[in-house]
Amino acid sequence: MDKAIQQEEDILENLPEEYLELLFQKDRQGQWGQWIHGLIHNINGPLQNISILGEMLVQGQARINQPPPTADSPELVAWRQAAEKQAHRLKQLNQQVGLLGEMLQDFMQLHQVEQSDSEVDLKFVIGKLVRVFRADPFFKHQVKLELQLNETLPFVRIRGRDLVPALVHIIDNALVAMRQSPEKRLTIQSRLKDKHIQIIIKDSGCGLPEKSGGRRLFELFHSQWHPSLAQTRANEKHFGLGLFAAQRLLSRYGVEVSLHHDGEGTSTVLTIPLPT
């Protein structure tokens, strides 16, 4: 059995690069599919509100279109109240349209980053990413987010199509780890250190397994999630792709991915070399 497992690990370790690229491409599509599913869930509320407000505006407009009563008419108070309600509904409608527009804009901007080959604004990407993650009901309703990023961070020479999926896997791992934790706190920090930028993504979750196998956690399809945590959404199993993908996608840019546990939570640290 041990020999068979070793042979399987050797095969996975030596997969041709084109096969891995196809796997990563499929993975990116899956990530966007999950986000779109969450987006549909999130925009349902604003769309319903817009529809209701639209009907109320149409109904109320007929009354507003009537000539305003004269100053000494007892109907003047009622006409003014109707006008005020219409103004309030218009304000609510504008807020709902703005909320809907912000959601769609976040998705569009993140997609543009992922498609671009230019230098990446780390603070912008992380900010947009956590906003898009709000499409996940668990993240939106249960997780407390703390962003502790430097006011200005240098641009980095990492393609968005590699950076975004890597960050998604790391954040997703943090969310899985916090599923059953009494405290659900996600902290994302940045540090400028010598000639590097460090991005620290820390969760208050279950921590690393006692026998984590060190670097084995970064092997393809190697997973040590407890079965109760592995099934995170719609009974979908966690296949152990995340850390392998994050390391493989970012190592080509000289980025080091490491795990640390301090007794209070687990941190995934990205050490990114500054452009020379």
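The pLDDT is the predictor's confidence in each residue, on a scale from 0 to 100. This is a predicted model, in which local features need pLDDT of at least 70 and side-chain atom pairs count only at pLDDT 80 or more, while totals for chains, interfaces and linings use all residues. Residues are numbered from 1 along each chain as its sequence is written, and side-chain values use heavy atoms, with hydrogens and water left out.

**View 1. Overview of the chain and of the confidence in its model.** The mean pLDDT of the chain is 78, and 78% of its residues reach 70 or more. Its secondary structure comes to 8 helices and 5 strands, taken as DSSP runs numbered from the N terminus (helices H or I, at least four residues; strands E, at least two); along the sequence they follow the pattern α-α-α-α-α-β-α-β-β-α-α-β-β. Of the 276 residues, 41% are buried, where buried means under 20% relative accessible area, exposed over 50% and partly exposed in between, with a 1.4 Å probe and protein chains only. Among contacts (heavy atoms within 4.5 Å) between residues at least 6 apart in sequence, 71% join residues at least 24 apart.

View 2. Where pLDDT is low, the predicted coordinates should not be read in detail.

**View 3. The largest nonpolar core.** A nonpolar core is a set of buried Ala, Val, Leu, Ile, Met, Phe, Trp, Tyr and Cys residues joined through side-chain atoms within 4.5 Å. The largest one has 43 residues, and those with the most contacts inside it are Ile 171, Leu 186, Ile 188, Ile 199, Leu 270 and Ile 272. Elements giving two or more residues to this core include α3 (76-115), α4 (122-133), β2 (185-193) and β5 (266-273), while α6 gives the most, with 9 residues. Apart from this core lies another, of 7 residues, among them Leu 20, Phe 24, Phe 244 and Leu 249.

View 4. Helix α6 has 18 residues and reaches 26 Å from its first C-alpha to its last, close to the 26 Å expected at 1.5 Å a residue, the expected span being 1.5 Å times one less than the number of residues. The helix is mostly covered, with 17 of its 18 residues buried. Leaving aside residues up to four places away in sequence, Ile 171 touches Leu 129, Phe 133, Phe 139, Leu 186, Ile 188 and Ile 201.

View 5. The structure holds 1 aromatic pair, formed by Phe 133 and Phe 139, which is tilted, at 5.8 Å centre to centre and 35° between the planes. Rings of Phe, Tyr and Trp (its six-membered ring) pair if their centres lie within 6.5 Å, and planes under 30 degrees apart count as stacked, over 60 as edge-to-face and the rest as tilted. Both Phe 133 and Phe 139 are buried. The charged end of Arg 179 sits over the ring of Phe 138, 4.1 Å from its centre; this term requires NZ of Lys or CZ of Arg to be within 6 Å of the ring centre and within 35 degrees of the ring normal.

View 6. Leu 250, in helix α8, is buried, with a relative accessible area of 1%. Leu 250 touches Ile 158, Asp 162, Leu 163, Ala 166, Val 255, Val 257 and Leu 270, not counting residues up to four places away in sequence. The C-alpha atoms of Leu 250 and Leu 270, which are 20 residues apart along the chain, are separated by 9.0 Å. Ser 267 lies in strand β5 and counts as buried because its relative accessibility is 9%.
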